[in-house]
Amino acid sequence: MIGRVKYIIVLILISSVAFAQNNMKGTYREQYRPQIHFSPPAHWMNDPNGLVYYKGTYHLFYQYYPKGTVWGPMHWGHATSTDLIHWKNKPIALYPDSIGLIFSGSAVVDYNNTSGFGKNGQPPLVAIFTHHNQAKEKDGKNDTENESLAYSNDEGKTWKKYAGNPVLKNPGISDFRDPNVMWYAPEKKWIMSLATKDRITFYSSKDLKSWTKESQFGEHFGAHGGVWECPDLFPLTAADGKKTWVLLVNINPGGPQGGSATQYFTGNFDGDKFTADRTGTRWLDEGTDEYAGVTWHNTGNRHLFLGWMSNWMYATTVPTKAWRSAMTIPRELKLTKVDTNYFVAAEPVKELDGLKGQSVSLKENVKVKGEIDLTGPTKILKRAGGQYELDLSTDNLKSFSMILANSVGEKLLIGYNSKENSWFIDRTQAGESGFNKDFAKRITVPRKVASKNSDLKLIIDAASVELFADKGLTVMTSIFFSKRPYDKIKISSVDTLVVNKINYAPLKAIWN
Ligand code: FRU
């Protein structure tokens, strides 16, 4: 009898392991699941955190709530990559503790062991993050946010919190968070950019543990429709040798399409103080769905940017079940001159090309008048998954629409309007939108240049499009929830658009 019970128990165990494995197979195969973007295996994610490159590995930490699919007590989730495209999920790096939840922040390689956290002659990785105390917040206190440290002596695998936390105490303001730290070599010191309500406050330190306030920036600069969050300060050099400092400042709400967005300033940083060269607002991504974007540390002259691909307006209600949110495709930032102005342009990292299957020319040297079906003759889209890249170039830019459609009548329109000289994305008929009244909309963004020649790159995944126009001078990210992949492509123009080429490249899924 006992033998039989044992046998049954073993059978149950085997079948439940098999069930779990089958379920694992289902992971990253769900409806709306991004196939070429990072998303957590399950549960809630927001901002990218602690982006740092070390010994051939790109680390991505992220705001993570491992017990639900809406925002909750924050941890730092962790994933790594050697090419910025394929990701390995790792154990949670930082858990909430008695000081608070683990909010956004950055990570650095402390090469000179200024912190003393190094071991056996190896530099430590040091994470600098906000401890957010929810109990104090509930009590209506202002000093809920303080800055703290954690370090790793095993290349980011495991992390210890510093016993002397917090290292930077709140002076009594409710928004005091998202420290982003960089090494300022000329003065051998660390600089922290901290989001402090409606401005950025800069602090300096010789050892990452004791911080001195240096200056503030932003009260009368840029957009102020919401609170400033997640800053990032770094130098950029243009092709003509012009050097500038760039300060990224995320803001929520108050973005150009409502809700959250990433603005930036260019100017000078002298080691203590940031001086902007203009007062106006510029946006790194003018779509609806890029937020909390910051760059990787320790990548030399490459400035690699990653944003959260959502918007606080509806992030917690989008119709995904097992997980919520994804990151953008990592992007390389460049300083680009237009007339006498310098803009920060962004394009997908070249590593994305590694996912390309055989690319197909859909059209070359044609005049588009009326609507042309680009799918029919080639049937390529029938064979590919729902993720692909489209590249269009023209010497005579005129109003046009690319129509991405599926078999159930949903469509996403992307194109250009010559009257306004603007790019647009129209997701009014793109799929499910009932979860938020402002989701179904058409957005337009003025072009930065007036030239007749132009280029457009679209990266399409199961639930997102990223548009890069005019060599990344205009970037727009938009998510959507179509029932089926967009496997029909059409282009339409009333004004005769001269197309040099339209290229299609399928992109291999990264989660196999
Ligand atoms: C930005 C943000 C940060 C904060 C974190 C909390 O999306 O609000 O300012 O640190 O998310 O999850």
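# Exercises on a predicted model

Buried residues make up 57% of the 512 residues in the protein chain. The model is predicted. Work through each task, then check the solution.

## Exercise 1: The overall fold

Task: State how many helices and strands the protein chain has, and test its radius of gyration against that of a compact globule.

Solution. 
- Step 1. Start with the elements. The protein chain has three helices and 32 strands.
- Step 2. Take the extent. The C-alpha trace spans about 85 × 70 × 45 Å along the principal axes of the protein chain.
- Step 3. A compact globule with 512 residues would have a radius of gyration near 24 Å.
- Step 4. Compare. The protein chain has 24 Å, so the two agree.

## Exercise 2: The largest pocket

Task: Give the volume of the largest pocket, then describe the residues of its lining by class.

Solution. 
- Step 1. Find the volume. The largest pocket holds about 900 Å³ of space.
- Step 2. Look at the lining. It has 38 residues, and those closest to the pocket centre are F234, P235, G300, N301 and H303.
- Step 3. Trace the elements. Two or more lining residues come from each of β5 (101–109), β9 (177–184), β13 (227–237) and β21 (331–338).
- Step 4. Sort by class. The lining of the largest pocket divides into 20 nonpolar, 11 polar and seven charged residues.

## Exercise 3: The second largest pocket

Task: Name the residues closest to the centre of the second largest pocket, and say which elements give two or more residues to its lining.

Solution. 
- Step 1. Find the volume. The second largest pocket has about 270 Å³.
- Step 2. Go to the centre. W71, F103, R177, E229 and W312 are the closest of the 17 lining residues.
- Step 3. Trace the elements. β1 (43–54), β5, α2 (134–138), β9 and β13 each give two or more residues to this lining.
- Step 4. Sort by class. Six lining residues of the second largest pocket are nonpolar, five are polar and six are charged.

## Exercise 4: Enclosed space

Task: Count the cavities of 30 Å³ or more, and describe the lining of the largest cavity.

Solution. 
- Step 1. Count. The whole structure holds five cavities of 30 Å³ or more.
- Step 2. Pick the largest cavity. Its space is about 150 Å³.
- Step 3. Find its neighbours. The lining has 16 residues, and M309, S325, A326, I479 and F481 lie nearest the centre.
- Step 4. Sort by class. This lining has 10 nonpolar residues, five polar residues and one charged residue.

## Exercise 5: Aromatic rings

Task: Classify the aromatic pair of F400 and W423, then the pair of F480 and Y486.

Solution. 
- Step 1. Take F400 and W423. Their ring centres are 6.5 Å apart, with 80° between the planes.
- Step 2. Apply the cut-off. Planes over 60 degrees apart count as edge-to-face, and the F400 and W423 pair is edge-to-face.
- Step 3. Place the residues. F400 lies in strand β25 (residues 400–405) and W423 in strand β27 (residues 422–426), so the pair ties together parts that are 23 residues apart in sequence. Both F400 and W423 are buried.
- Step 4. Take F480 and Y486. Their centres are 5.1 Å apart, with 50° between the planes, and the pair is tilted. Both F480 and Y486 are buried.
- Step 5. Widen the view. The structure holds 37 aromatic pairs. One aromatic cluster is formed by Y28, F38, Y53, Y58, Y62, Y64, W87, W296 and W511.
- Step 6. R33 lies over the face of W323, at 3.9 Å from the ring centre. R427 lies over the face of F439, at 3.6 Å from the ring centre.

## Exercise 6: The backbone

Task: Locate the cis peptide bond from N165 to P166 and the cis peptide bond from N252 to P253. Then decide whether H43 is buried, partly exposed or exposed.

Solution. 
- Step 1. Take N165 to P166. This cis bond has omega near -5°. P166 lies in the loop between β8 (160–161) and β9.
- Step 2. Take N252 to P253. This cis bond has omega near -10°. P253 is in the loop between β14 (243–252) and β15 (261–269).
- Step 3. Turn to H43. It is not a glycine, yet its phi is positive, about 75°. H43 lies in strand β1.
- Step 4. H43 has 25% relative accessibility, so it counts as partly exposed.
- Step 5. T496 sits in strand β32 (residues 488–506). Its relative accessible area is 22%, so T496 is partly exposed.

Notes: Residues are numbered from 1 along each chain as its sequence is written. This is a predicted model: local features need pLDDT of at least 70, side-chain atom pairs count only at pLDDT 80 or more; totals for chains, interfaces and linings use all residues. Side-chain values use heavy atoms; hydrogens and water are left out. On a 1 Å grid over the protein atoms alone, a cavity is a set of points where a 1.4 Å probe fits but cannot get out, and a pocket is an open set with protein on both sides within 12 Å along at least five of seven lines; lining residues have an atom within 4 Å of a point. Grid points are joined across faces, edges and corners, and a volume is the space filled by probe spheres set on the points. Helices (H or I, at least four residues) and strands (E, at least two) are DSSP runs, numbered from the N terminus. Ala, Val, Leu, Ile, Met, Phe, Trp, Tyr, Cys and Pro count as nonpolar, Asp, Glu, Lys and Arg as charged, and the others, Gly among them, as polar. Rings of Phe, Tyr and Trp (its six-membered ring) pair if their centres lie within 6.5 Å; planes under 30 degrees apart count as stacked, over 60 as edge-to-face and the rest as tilted. Buried means under 20% relative accessible area, exposed over 50%, partly exposed in between (1.4 Å probe, protein chains only). A charge sits over a ring if NZ of Lys or CZ of Arg is within 6 Å of the ring centre and within 35 degrees of the ring normal. The radius of gyration is taken over C-alpha atoms; the globule rule is 2.2 Å times the number of residues to the power 0.38.
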